[in-house]
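Please open the entry in your viewer and keep the selection panel at hand.

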Amino acid sequence: MSLVGLTQDYAEIRITEKLEQQQLTEVLQLLGEKYNLKFAYDNSTLSDQEINLSLTNEKLNNALTKILEGTGLEFTVLQSTIIIKAKASGEIESMSPTRFNFPLNGLIIDKQTGESLPNSIIKIEGVLYGTVSNTDGYFTLLNVPSDTCTIVFSYLGYKTLRLKLDPFSETQNLQIELISAPEMLNEVMILDQAFRTVKSGNEPGQVALNPTQLSSLPSLGELDLLKTLQLLPGISGTNESSAGLFVRGGTPDQNLILFDGFTIYYLDHFFGIFSAFNANAVKDLQLYKTAFPAKYGERVSSVVDITGKSGNMNKPSFGMGLNLLSANFTLEVPIKNKVSFLLAARRSYTDVVQSPLYNSLFDNISGENEKVELPIGGSRRFINKEIDPNFYYFDINGKITYKPSEKDILSFSYYQGRDKLKTNYNVGEILDPDISFGFDYSENDASEWGTEGFSLRWGRQWNKKFYSNINLGKSEYISEFERNRNLRVYLDEESQITNTTFTEENDVKDFMLRWDNEWNFHPNSKLEFGLLFNENDILYKVTSTDFELANLSDKGKQKSIYFQNTSRLFKKLSLSLGLRINDFSLTEQYYFQPRGSLTYNIGKNISLKAGAGKYYQFINRVISESLFSSSRDFWVLTDGENFPVISGNHFLAGFAYETSDFLFDIEAYWKSTDGLLENLRLTEPFFEIPGPTEAFFTGDGVARGIDFFLQKKTGKHTGWIGYSLARVDHNFPQLNNGNDFPALHDQRHELKIVNMYGIKKWDFSLTWVYGSGRPYTSPSAIYDLNLLGGAQKPFLYVGVKNNTRLPDYHRLDFSATYNYNIGKVGKGQVGLALINLYDRDNIKFRQIQGISLGDNSPDGQRLIVADVKLLGFTPNVFLNFKF
Amino acid sequence: MLHKNKNTGKSLSVILSWISVLALLCFLSSCDPEEPDFGDLEKVVIEGYLFADQPVENILVKRLDNQEPISDADVAIFSNDSIFLLSPTPNRPGRYHFEGNELNIRQGNEYTIIVNYFDKTAFGSTIVPPPPINLRQDKFVIKAGVPSNPDSVIDQEYFLGLAWENQNATNYFFLEIYNIEENPEEIDFGEDFERPQNFLFPVNNNFAIIQDTDLQYYGNHLVKLYRVNPEYVSLYFEIVSENNQGTPSVESSPSNIQNGAGIFTAFNCSITGFQAVRD
């Protein structure tokens, strides 16, 4: 028997009947008429079956189970029809197949919401191969051996559906309805089913993430997609101050982050503490860690492809959440079953109420209030520089999906994420009260940064073999910083005012037109091909009052074409070969990027995998570190000279052993990257002096490592252990005497242990992350020089770059979540998260400065070392509910 | 089969739990960080300043590792295809000078210092800049100290304005003020007075304002306005290295010495003067 496929209406039906000596056909007719149910069955299998049963307010599935008990029959539901058939071991099992090597196609949707489920896996039981549903949930499974096979439909976070075919089964335009795991939480019978948060993907180096299961993992605030990815091997989990992903030796700017097809350039909220994606607005996330396919390009490290939630197609729903930093809501409204509308928004209330959590986080980012000596003449004293920050962030997701026909889907997706920070420093000093002589000095900083984007998409399943998708979109990253300094010197009633303004602006506009196609031209082969037209318009401008200090504005166009053919050979081998060609206007060159991957199945549970590819990137991010002034990183387009084209080569080989209960996966990789940028800036502690104070050096790097992943997928206790052994070396001819040095994100060992335990209505999780120390540069010597005017100043000499390492990183997080029902219509969650449970002092980076103690002897020289620490013990509580 | 899977699941749960506990116990006892690799520190630090039209003296050479002065190095200055050997200065460890009068420091000429020590050659070059142009001032006498009448308005008499040419703020200057009295009298600014820290950095302005609080003594003062080279300006900066990590990394301080550390640079200056008097 099966619940799978029951529509929402069916699931809520209660049966009260007294059945006495009634034949099964009569019972089914009675139920059909009285409760408006649609049954399908073969009369011959139901003959002479007599039912004696009393049902009182029984759920439909329980009622049917009782009715069919002892009859040798079972039921399943397909497209709102309850099919009564012989159990698998019964007569139908022994029926001879009538159709062979035929195609099966259809659409996979969420049973509750009617939403399409992209990237669902469709396999034939007992056979190693299968297929994956496309962005809109459509699938075509070619070459089904016979019509007595069992087709297995699975989707991360949903109960797996097994569809037993028989000679009467429909094979075209099926609508497969899967049940989401949270919807099953109250069903005791399914507690043993899989609740998966992450899943190793079908392709080498691929991982899928299920946003609906994230609430069971500890988080500082909102559910965080990217922080969850950081718990996987191969993705650094020790950079908690950044939601950016360091994937297998790559840096965050080398990752392609797509949200409904448009590129997201800035991933963080709150200076990196949270990712900018609202998990409530995300349906699916696919991560390609290495050797990603030809469909994706323009980045050299990894790809995160996020599909936004389209919203409930069946009934309106509304959800809200609250934690110590922010509040969120999600609204889903269907319109006549053809249109769905989703609006999800989050906003921190940190500018209104500063919770202890906010204060703890903000202090951690900014340090305590500074004590500075202002560069103003006169008989001054030390003055506390009072910082009065006003900070908040928000993001909005909106999506309208329209299904005009069975074959078409139109959608419009919008996203905006912003962080805004204002700080005011105000000081004043009366130099001489007798004559009313003094000054007022104020600094007002205003920063705003984030991404805004939209896409308009049309997907069509032309026929069972051909699907295409056109996507028009734009995304814009902005980072604006403005500092106004006002100095008023007054004497009696007269005053002199000096105003200076410093601005820094980075604006990246990204226009995109994408056309993707899938053609199942042969039972064993699928061809994917497409075009991408992309235009980047980048502005980077720095001005000081009326003086322009920098202007790196540029515009570049890319045209890309790709082909990728995936074939199944000899039943055990899946081979994917592709080519991507880019034409970039600023360098006026073509870039050829061959890609390939293969999976070879040895037996039922074991597979070998390998992949390789060439990658190019035409945009560079330059880091400009400055606390209190937002993200002052800026993006620049490559010009082939000052800012080089980044290129990379990936090689991957691995092994996986998977059963229904657990997965053991090993992947070894080697990645080389050319065109890396290192930015050396001269900084002066007091003044912003214009001049040639910046130098860019280019170099290359090699990352290699092995990732181990052991996952327990089923039962009350689920989780995984991930271990990475890795090495990342960089080489810049003009740095470190041209010798290799470990990259700042080089981490030899990383271990992550994730435990999730569900018991009744409680979910507990315990995660532990360990990382061996990251490198930093410890100066080799300190020396003095005498300067003009008689001053003496200490200077540092660095012999070897990144010559030592920080202490090891480790952190234990815990969370407890209680799930409850709100009447019959809603569900709620209340929980507690404890981050860094044993209050480990983890170090973000180490600041080193030379200082002279006024003694000219060598012993008078000292180094000041200041450790900038990461978060200590931090608790958070949260409350979510949904109707 | 089902029974077997359940057992496997339980075993894995136990394994996961034990590994969690073991890993915690193992790693909570953190290891000592490895010893840093400092590289080759057998290098010299050079502090070499050339002044236009002045003899070469006070060139300092010392060890990088412990700052001990080095008085037995081979030190030479190379310019216009000629090489000039410097001699250690008696009673001044680590100091070198040129004894003859053939080595003239001329505006526009390039000079290279070469130091042989530790079986290595450290070197650096500089070009003598032109002097500041058109240095001028608004007065030659300023008042200094607490006004004799506390109710009087502080006026321009306590400030000296200097100006010079610096189109587009492209050049850097350093201002030095000396009292040249033999027995100068100290200016009394009161008990809580703290001297302002002005004129500590090179500036790319074309003006400066000297006020009485910048001075320590009454009497005649000499003002030297140096035109300084970019390699000297860089000494006042700190280098921050960033490479897509978002965290600054320490780098060697700015230096124009190859195979060593320190500075070799040239200055040119214009001179003027003023007098500070009691109100």
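Which domains does the domain assignment give for chain A? Select residues 8-190 for domain 1 and 317-882 for domain 2 of chain A, bounds that come from an automatic or database domain assignment. This is a predicted model, in which local features need pLDDT of at least 70 and side-chain atom pairs count only at pLDDT 80 or more, while totals for chains, interfaces and linings use all residues. Residues are numbered from 1 along each chain as its sequence is written, and chains are lettered from A and ligands numbered from 1 in the order in which they are written.

Next, show the contact between the domains, which takes 16 residues from domain 1 and 19 residues from domain 2 of chain A (two residues are in contact if their C-beta atoms, placed from the backbone, lie within 7 Å). On the domain 1 side, β6 (100-110) and β9 (138-146) of chain A each supply at least two residues, and β9(A) gives the largest share, with four residues.

Now select β21 (317-323) and β22 (326-335) of chain A, which pair in the antiparallel sense over six bridges; strands are DSSP runs of E with at least two residues, numbered from the N terminus, and two of them pair if DSSP finds at least two bridges between them. A hairpin joins β21(A) to β22(A) through two residues, and Met320(A) stands opposite Phe329(A) in β22(A).

Three residues lie between β22(A) and β23(A) in their hairpin, and Lys336(A) in the turn has a positive phi of about 55°.
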